[in-house]
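Thanks, everyone. I'd like to walk through the inside of one protein today. Have a look at the model first.

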Amino acid sequence: MKKRIVIVFTGGTISMEIDESMEAAVPSKKGEALIKRIQEFSDIAELSFDHFLSVPSPYISISDMLSLSRRVKSHLADPNTDGVIITHGTDTMEETAYFLDLNIHNDKPIILVGSMRNISELGYDGPSNLVAALRTAISDEAKGRGVLVVMNNDINAANEVMKTHTMALDTFKSLEFGPLGIVDHDKVIFYRNSTHRRLHIPADRVEERVFLIKLAAGMDGELIDYAVNQKAKGIVIEALGRGNVPPQVVPSIKRAIEEGIYVILVSRCPMGRIADTYGYVGGSKHLKSLGVIFGYNLSGQKARIQLMLGLGYRQDPDYIRSIFEME
């Protein structure tokens, strides 16, 4: 019996083409052509389609992610549905994937897929990526692995994957550990399980007043002060190296914590994790003693998503600390 897969469209480059008057890619109505292409594979799955959005991924808001999560949950609640594929632009794909991974507790496969080239370009990768996602969605081995991102025949976990290049077809990578698996023609092969323990945050709302601030040499605390003055509920700081900041930033971090704002510390480095290694003023150990919460190996954008959902679910210091400092 063929499995039933729902494909939810949100837009992105996979459904764009070149507008000759603008000489730039824009959303297209040619998504129907993409559907026809993949319907050629209807012998391996029964497909249905849900046109949820048609926007570039920079337009995807946090409230859109919450609405998408609800839509996906409704599809998964149907006992006849075996999995969901979501087409999505690549710019914010890792954030939407991580949001869904945190918010949805279901063993059925949920897969995000997109393309790096649009319909008008030579080597358009949309159909091949979508077929790889489809093959993954019907694989029994994809069950219980959380949300997956399938691009360029690589299968990556939402809690590990990052867009690493602005235009390369193999831009989505799990830098430290490699992909979970691959799609090799009609075979789906998993090499390993995710190294990260999965976290479930069953929030039905989000706290959007969470700021993300990246630090660099010589910066002071002006941006953190601005976030505090704007009534931030949380601040994610992309710190240097193992989780260190310039000393002139420390008074602003202390002020934020004293005013009840959650401050999450991650590294701006794309690989590795922060740790309380350095005890000087502004060092990671010093910051932890002030009450900063470690995000360990989360990226800044994923830590922001996690804090938004966490605060939407339970604004309790012990709970917020527990969802970040689990190992």
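Start at I104. It sits in the loop between α3 (93–103) and β6 (110–113). This is a predicted model, by the way. So is I104 buried or exposed? Its relative accessible area is 3%. The cut-off for buried is under 20%, so I104 counts as buried.

What does I104 touch, beyond its neighbours within four places in sequence? The contacts are S69, V72, K73, L76, I110, R198 and H200. Now look across to V147. I104 and V147 are 43 residues apart in sequence. In space, C-alpha to C-alpha, the gap is 8.7 Å.

The largest cavity holds about 30 Å³ of space. Its lining is L100, I104, N106, K108, I110, G146, V147 and R198. By class, that lining splits into 4 nonpolar, 2 polar and 2 charged residues.

Next, the open space. The largest pocket has a volume of about 440 Å³. Its lining takes 26 residues, and M162, C269, P270, N297 and S299 lie nearest the centre. Which helix gives the most to this lining? Helix α8, residues 300–313, with 3 residues. The classes here are 9 nonpolar, 9 polar and 8 charged.

On to the packing. In soluble globular proteins, nonpolar side chains tend to be buried together. In this model, the largest nonpolar core has 78 residues. I85, I86, F99, L307, I320 and F324 have the most contacts inside that core. Apart from it lies another core, of 22 residues, including V228, I235, A256 and V292.

Take L307 as an example. Leaving out residues up to four places away in sequence, L307 touches V210, G234, I235, V236, Y262, I264, I320 and F324.

In β14, G234, V236 and E238 point one way. I235, I237 and A239 point the other way, and all are buried.

What does β14 pair with? Its partner is strand β13, residues 210–214, in the parallel sense over 5 bridges. For a landmark, find L212: it stands opposite V236 in β14.

That's the tour. Over to you.

Technical notes. Residues are numbered from 1 along each chain as its sequence is written. This is a predicted model: local features need pLDDT of at least 70, side-chain atom pairs count only at pLDDT 80 or more; totals for chains, interfaces and linings use all residues. Side-chain values use heavy atoms; hydrogens and water are left out. On a 1 Å grid over the protein atoms alone, a cavity is a set of points where a 1.4 Å probe fits but cannot get out, and a pocket is an open set with protein on both sides within 12 Å along at least five of seven lines; lining residues have an atom within 4 Å of a point. Grid points are joined across faces, edges and corners, and a volume is the space filled by probe spheres set on the points. Ala, Val, Leu, Ile, Met, Phe, Trp, Tyr, Cys and Pro count as nonpolar, Asp, Glu, Lys and Arg as charged, and the others, Gly among them, as polar. A nonpolar core is a set of buried Ala, Val, Leu, Ile, Met, Phe, Trp, Tyr and Cys residues joined through side-chain atoms within 4.5 Å. Buried means under 20% relative accessible area, exposed over 50%, partly exposed in between (1.4 Å probe, protein chains only). Contact means heavy atoms within 4.5 Å. Helices (H or I, at least four residues) and strands (E, at least two) are DSSP runs, numbered from the N terminus. Two strands pair if DSSP finds at least two bridges between them.
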